[in-house]
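Hello,

Here is the structure for your files. My notes on it follow below.

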Amino acid sequence: MRKAIYPGSFDPLTYGHLDIIKRSAEIFDELTVSILDNKMKTPLFSVEERVKMLEEATKEYPNVKIDSFSGLLIDYAKKKDVHVAIRGLRAITDFEYELQIAQTNQLLSHGELETMFLTTNLEYAYLSSSAVKEIAMFHGDLSMCVPEFIAKQMYEKYGH
């Protein structure tokens with residue numbers, strides 16, 4: 001069975017993330033989308049809220065599982081017996097950052113964890129969770145960024 005992990009903060013989940021999830025689910029028999037509980041950041045949504053969002057947004061993909069983890073990706077992947085991590089790329093600046101992480105993970109895992117890069121569909125290349133949060137903060141139109149149920153929750157978080 002071909003398995004992969006798509007790790008990320010998904011704060012919030014965007015159409016760009018969903019594009020990568022859909023395409024990865026077509027490539028792998030089992031895809032675990034796993035939310036990193038990063039103690040260094042202050043997220044808009046709790047891990048539990050993000051898990052629920054991802055479960056709702058991916059319910060049409062039977063081979064997609066939602067999980068969360070803290071710590072190193074290599075340790076999580078080893079525990080799950082998964083040897084491929086999926087990462088999405090929007091621009092060359094993403095590649096430089098992601099390449100360093102991929103090389104570090106490969107080194108620390110002694111070659112046990114490979115990283116597969118998928119370029120984001122051009123339709124979503126402009127999307128970032130940071131930009132989406134800023135749009136929501138000023139009550140902008142999120143219809144091209146996130147599913148409606150996520151937009152509603154974002155507006156609520158910002159008191160709209």
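Phe69 counts as buried because its relative accessibility is 8%, under the 20% cut-off. Keep in mind that this is a predicted model. Tyr76 is buried as well, at a relative accessible area of 5%. Phe69 and Tyr76 make a stacked aromatic pair, with 4.5 Å from centre to centre and 15° between the planes.

The structure has four aromatic pairs, and another of them is formed by Phe95 and Phe117. Their ring centres are 5.8 Å apart and the planes stand at 65°, over the 60 degrees required, so this pair is edge-to-face. Phe95 belongs to helix H4 (residues 92-108) and Phe117 to strand E5 (residues 114-119), so the pair ties together parts 22 residues apart in sequence. Phe95 is partly exposed, with a relative accessible area of 31%; Phe117 is also partly exposed, at 26%.

On the chain as a whole: there are six helices and five strands, in the order β-α-β-α-β-α-β-α-β-α-α along the sequence. The radius of gyration is 15 Å, which agrees with the value near 15 Å for a compact globule of 160 residues. The C-alpha atoms fill a box of roughly 50 × 35 × 30 Å along the principal axes.

Of the 160 residues, 45% count as buried. Among contacts with a separation of 6 or more, 74% are between residues 24 or more positions apart. The accessible surface is about 9,100 Å², with 54% of it belonging to carbon and sulfur atoms. There are 18 positive and 24 negative side chains, and the centres of the two sets lie 4 Å apart.

Regards

Methods
Residues are numbered from 1 along each chain as its sequence is written. This is a predicted model: local features need pLDDT of at least 70, side-chain atom pairs count only at pLDDT 80 or more; totals for chains, interfaces and linings use all residues. Side-chain values use heavy atoms; hydrogens and water are left out. Helices (H or I, at least four residues) and strands (E, at least two) are DSSP runs, numbered from the N terminus. The radius of gyration is taken over C-alpha atoms; the globule rule is 2.2 Å times the number of residues to the power 0.38. Buried means under 20% relative accessible area, exposed over 50%, partly exposed in between (1.4 Å probe, protein chains only). Contact means heavy atoms within 4.5 Å. Accessible areas come from the Shrake-Rupley method with a 1.4 Å probe; for residues, only the protein chains shown count as cover. Lys and Arg count as positive and Asp and Glu as negative; His and the chain ends are not counted. The place of a charge is taken as NZ of Lys, CZ of Arg, CG of Asp or CD of Glu. Rings of Phe, Tyr and Trp (its six-membered ring) pair if their centres lie within 6.5 Å; planes under 30 degrees apart count as stacked, over 60 as edge-to-face and the rest as tilted.
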